[in-house]
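Visitor: I am new here and would like a short tour. Please show me the structure.

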Amino acid sequence: MRLAQYTKADQEEILGNSDDPFGVAWTGLTWLPKEEHFGIRHDGRLVAHAGLLRLPVAIGDAETEVVGVGGVAVSPGMQGQGLARLVVTAALEHARTMGPQHALLFCRPPLVSLYQRLGWHPFDKDVLVEQPEGRLVTMPLRTMVTPLRDDARWPSGPVRLFSLPM
């Protein structure tokens with residue numbers, strides 16, 4: 001289902017109250033909040049979430065946009081039941097209506113195989129992302145892409161996100 005909002009309390013309902021709920025604090029990165037939210041409720045409780053955000057990007061010399069996918073979370077007690085597939089699929093169905101030809105996400109290495117099963121492709125080149133104070137850093141997490149149109153082809157060339165990561 002589409003969520004009207006997604007708050008810190010919603011995230012804690014899914015993942016509990018942790019200082020590092022996504023296991024990425026070690027990166028030291030500042031992340032953007034998502035603008036579109038999709039979730040799954042079970043017995044009245046939010047148990048899964050995925051968020052979307054349109055982002056400007058350069059691929060080689062071409063500037064375009066991608067749909068950033070982030071904040072994907074499944075309650076620990078509900079993992080392994082296909083909820084990640086359901087919530088990411090719902091989010092991508094909406095992403096196809098947003099205009100960009102590709103979706104992009106960043107994930108920890110142990111999650112690469114999960115996203116590959118969902119149709120995502122690992123990106124083998126470094127991706128530069130912006131950080132506060134105008135810093136430009138190489139994304140330390142694995143970058144993955146998926147087409148949002150049947151005829152979409154990811155261009156060649158270096159990738160730079162013109163924003164904080166999602």
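**A first tour**

Visitor: How many helices and strands does the chain have?
Guide: This is a predicted model. Along the sequence, its elements follow the pattern β-α-β-β-β-α-β-α-β-β-β-β-β. The secondary structure comes to three helices and ten strands.

Visitor: What radius of gyration does the chain have, and what would a compact globule have?
Guide: The chain has 166 residues. For that number, a compact globule would have a radius of gyration near 15 Å. The chain agrees with this, at 15 Å.

Visitor: What share of the residues count as buried?
Guide: Buried means under 20% relative accessible area. Of the 166 residues in the chain, the share that counts as buried is 46%.

Visitor: What distance should helix H2 span, and how far apart are its end C-alpha atoms?
Guide: Helix H2 covers residues 83-95, which is 13 residues. At 1.5 Å a residue, it should span 18 Å. The end C-alpha atoms agree with that, being 18 Å apart.

Visitor: Where do the buried residues of H2 fall, seen down its axis?
Guide: The buried residues are Leu83, Ala84, Val87, Val88, Ala91, Leu92, His94 and Ala95. An α-helix has 3.6 residues a turn, so residues three or four places apart point the same way. Seen down the axis of H2, the buried residues fall within an arc of 155°, so they line one face of the helix.

Visitor: Which exposed residues does the face of H2 turned away from its buried side carry?
Guide: Exposed means over 50% relative accessible area. On the face turned away from the buried side of H2, the exposed residues are Leu86 and Glu93.

Visitor: Is His94 buried or exposed?
Guide: His94 is found in helix H2. Its relative accessibility is 18%. The cut-off for buried is under 20%, so His94 counts as buried.

Visitor: Which residues does His94 touch, not counting those up to four places away in sequence?
Guide: Contact means heavy atoms within 4.5 Å. With residues up to four places away left out, His94 touches Arg2, Glu36, Phe38 and Leu52.

Visitor: How are the rings of Tyr115 and Trp120 arranged?
Guide: The chain has two aromatic pairs. In the pair of Tyr115 and Trp120, the ring centres are 6.2 Å apart and the planes are at 80°. Planes over 60 degrees apart count as edge-to-face, so this pair is edge-to-face.

Visitor: How many residues apart are Phe123 and Trp154?
Guide: Phe123 and Trp154 form an edge-to-face aromatic pair. Phe123 is in strand E6, and Trp154 is in the loop between strands E9 and E10. The pair links distant parts of the chain, 31 residues apart.

Methods:
Residues numbered from 1 in each chain as written. Predicted model: local features only at pLDDT ≥ 70, side-chain atom pairs only at ≥ 80, totals over all residues. Heavy atoms only, no water. Helix = DSSP H or I, 4+ residues; strand = E, 2+ residues; numbered from the N terminus. Expected span 1.5 Å × (residues − 1). Buried < 20%, exposed > 50% of the residue type's maximum accessible area, 1.4 Å probe, protein only. Arc of directions from axis to C-beta. Rg over C-alpha atoms; globule rule 2.2 N^0.38 Å. Phe/Tyr/Trp six-rings, centres within 6.5 Å; stacked < 30°, edge-to-face > 60°.
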